[in-house]
Amino acid sequence: MKRREFSQAALAALGTMRLSAIMATGGSMVPEASAAIGSVPAGTNLSGMEWAKPGLRIGTSTAPNLHFTVPRAADIAYLASCGYNKSRLPIQWELLQPMLHDTVANTAVKTAIGQPGAFHPGYESYITGVLDAHAAVGMKCIIDNHNYCRYQDFKFQPDGSIIGLTVPADPFVRPFSTDKTQVRTRIFALAAGATLQQAHFVDFWTRAATKWKNHPGFGGYGLMNEPHDMPKPGGVIAWNEETVKIAEDLSIWPAFAQAAINAIRAVDAVNPIYVGGNQYSSAVVIGTKNPGFPLAGANLIYEVHMYLDAFSNGAAFDYDTEVAKNYSAGFGVGSIKPSTGMDRIKLATDWASAKGVKLALTEIGMPLDDTRWQTMFAQAVNYAHQAGCEIYTWMGGSHWPIRNYAINHVPSWYQNRTMEPAVSGLLKAAVGIAQASLFDDGPGYGLAGTPLAITVSARGNLARPVALTVASNNGGTLSKSSLLIPAGANGQDTFTYTPATNRVATLSYTSDGQLSGQVPPPRRISSLNDPVAHAATSLQDAAQAIIAKYSACKWELSDGYTDYMLGAPAAAGQPIRAISDSGYGSSAGNAMEMINGVNKAHGGMGTMVLPIMRVTNGKKNSDHTVANTWGLWCKKSLGRAGVQPNPSNRVPYNIEDAHFVMVAASVPGQSNTGVLFQASQTEQSHTSELNFTNSFPGAKWVDSGGQKVELASPTKIPANTPAVFAFTSAPGAQKLRVNSAVVASAAATFSPSAYNQLLIGWGYLSYYPRGGFGGHIYAVITGKGAPSASELGVLEKYLGTTAGINLP
């Protein structure tokens with residue numbers, strides 16, 4: 001099972017659910033690259049448009065920005081600013097061409113779906129928009145048919161009808177059948193009775209070539225992603241669906257590929273054609289499992305995929321587990337090792353060299369949680385580039401359910417700047433781009449005499465070392481004041497700071513000029529003996545010390561930015577797409593970003609609304625009052641034994657842990673209902689949340705076993721009156737607080753239930769949004785642990801100041 005199929009298997013339950021019903025219930029600019037890539041392209045896969053597959057035709061899981069996501073122009077501009085010059089855009093055949101050209105359909109079906117063979121105008125416009133964005137920044141984009149030689153289709157009756165055909169009221173959701181038996185999967189075959197024939201494939205690519213061949217952002221045709229498990233000789237169903245397993249017919253795909261090449265070249269003699277191979281386009285079998293390769297045609301580029309795990313399928317991320325398998329794809333018995341990726345690619349480059357053809361490594365990924373993967377990845381991409389291969393990492397794009405997947409090429413938002421993904425630094429080093437930014441991480445609280453380790457990291461690739469100086473404004477001892485970030489990818493240096501007694505110090509960085517403006521921001525460190533008592537002297541310093549003590553997150557709307565890609569501070573009336581954690585819950589490897597990646601390039605992507613920056617009585621806040629406002633989201637990973645047991649990207653707590661949440665907010669009326677803040681799991685229904693019901697503040701916990709605890713305030717909140725709402729939860733004790741007063745309590749102990757997301761201003765459960773509360777938010781604090789009542793009071797009083805209220 002490949003990485004997309006591994007993730008998509010969990011999406012299959014979406015089909016029968018309805019978005020409308022559920023909603024009713026409820027950086028600074030990265031410097032230009034100092035060296036441009038040469039003639040060999042490099043970039044990433046802008047994954048997102050191909051994710052609607054599980055519920056296609058059998059349910060409503062086809063809504064843009066929910067079940068699939070179109071890459072934004074900002075995503076592409078950021079890649080260009082990093083020096084990349086080409087992307088690969090996976091698309092879904094059925095969404096672009098919802099009926100095959102020879103489909104016999106009646107009038108009702110044509111009215112609902114479109115004319116046989118025609119491209120869906122909305123999805124077509126999405127692709128054109130992505131190409132436009134590439135052209136605007138001087139990049140190119142490959143259109144990749146990401147369908148595995150399959151096509152999920154309706155079963156059409158002899159009269160051209162579809163049993164159970166339903167046209168949703170939401171115009172952005174595709175028609176589907178209420179009868180799941182009326183949907184089938186077609187597959188390429190050469191035998192009589194084939195359900196997906198060369199004529200279908202030829203028609204698709206002829207139309208696509210005619211449409212986009214002259215677009216200035218178009219960079220080539222990706223004929224078919226990862227052909228696999230083709231029918232046996234004479235068969236018409238997938239090999240792995242046969243009762244008696246007979247080897248797949250490896251000649252099917254080359255025949256289809258040649259037919260598509262011929263059709264494209266009849267329309268377009270110039271643009272490159274990318275040809276994958278059998279058995280998931282694996283680099284290790286390109287020369288042995290594709291009879292007839294190389295094919296006839298001009299400007300063909302053979303694409304291969306290669307991952308670093310034992311089976312090279314990109315679905316396993318624990319290094320030691322993979323080593324213990326004592327197997328390596330392409331070589332058999334024997335564990336993976338630092339040279340494994342390079343050795344696998346060499347099998348493909350040796351074949352390409354012998355045949356005199358071009359090669360592209362169109363999928364490769366680097367797991368995040370072990371530096372040994374980084375060593376393997378570096379050797380692989382260095383070799384591939386030196387061998388003349390194009391390189392495209394997996395997985396870029398901005399589809400929220402897969403954000404922070406264990407292999408990704410998606411920037412995060414940290415310290416009010418776009419933070420480059422770790423994989424990008426290594427790819428930059430391989431292809432010769434010298435560009436980086438610096439960030440730091442470490443604790444913000446420690447008693448006097450306790451050494452605190454602070455690490456300064458480069459994200460990107462440095463052409464030469466960078467010297468930094470660090471200094472404290474309020475005493476304490478630095479293990480060293482001069483730092484040196486080494487040349488190369490993702491370098492770092494670490495120092496310790498030992499605070500003096502009962503101080504609040506600020507550590508500041510200056511650079512040697514190479515990265516002027518890109519050094520980490522000042523870091524405040526507290527050694528207050530009694531932060532609560534110190535609140536009488538400085539409420540801000542006391543609150544910061546308590547936040548740091550619990551490694552809690554803090555998001556203030558004064559930190560709201562217009563985007564997490566090359567964004568700027570949001571002014572009143574502008575949308576908010578990013579808020580950095582200004583507390584201590586983040587690190588360079590695990591940014592507790594709050595972002596909104598909804599693509600609102602034009603009206604064809606749904607009715608969701610972005611939160612807007614407002615200034616009320618001099619205080620910045622996010623406006624969620626418009627119906628269907630999607631708030632901000634921090635999406636992380638889940639641990640999976642044997643696959644990814646201890647991901648670095650994870651939220652601070654689960655439901656069974658002691659945890660706390662507090663929010664400064666207001667509601668505009670007396671009937672506001674919905675989620676204010678939520679910790680939950682994208683794929684499941686367990687949750688910890690602050691909410692409102694008809695403007696009564698409340699809290700709710702639901703664990704994985706279905707146990708539910710709900711607390712409600714006996715008093716409504718007056719309209720347009722900011723207040724601080726909070727809950728605490730520990731085994732056997734839950735409390736709801738309003739303006740520092742406990743208004744309700746419970747005594748539950750919850751079953752273990754893992755979280756992988758935090759949300760501000762709305763919720764998201766079982767893959768579907770939950771309606772927001774419809775008000776204004778000033779600031780949020782959340783963390784793991786059980787602060788004392790007096791500590792909570794200090795934090796609540798501090799939050800009150802962000803909204804202009806003075807709590808006792």
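Which residue in E9 is the bridge partner of Gly222? That partner is Tyr274. Before going on, the ground rules. This is a predicted model, so local features need pLDDT of at least 70 and side-chain atom pairs pLDDT 80 or more, while totals for chains, interfaces and linings use all residues. Residues are numbered from 1 along each chain as its sequence is written, and side-chain values use heavy atoms, leaving out hydrogens and water.

Back to the strands. Helices (H or I, at least four residues) and strands (E, at least two) are DSSP runs, numbered from the N terminus. Strand E8 (218–222) and strand E9 (273–275) run parallel, joined by 2 bridges. Pairing takes at least two DSSP bridges between two strands.

Now the whole sheet. The sheet is open, with 8 strands paired in parallel, in the order E1-E14-E13-E10-E9-E8-E3-E2. Strand E1 (42–44) and strand E2 (86–91) are the edges, each pairing on one side only. On average, neighbouring strands are turned by 25 degrees against each other, direction ignored. Helix H6 (121–136) packs on this sheet, touching E2, E3 (140–145) and E8, and its direction makes about 150 degrees with that of E3. Axes are lines fitted to C-alpha atoms, for helices over the stretch in contact; angles run from 0 to 180 degrees between N-to-C directions. Contact means heavy atoms within 4.5 Å.

Second stop: Thr629, in the loop between strand E31 (619–623) and strand E32 (632–635). Buried or exposed? Thr629 counts as buried because its relative accessibility is 5%. The cut-offs: buried is under 20% relative accessible area, exposed over 50%, partly exposed in between, with a 1.4 Å probe and protein chains only. Leaving aside residues up to four places away in sequence, Thr629 touches Val609, Leu610, Pro611, Asp623 and His624. A polar atom of the Thr629 side chain also lies 2.6 Å from the backbone oxygen of Val626.

Notes: A polar contact is a pair of N or O atoms within 3.5 Å; within protein, one must be able to donate a hydrogen and the other to accept it, and residues adjacent in sequence count only if both atoms are side-chain atoms.
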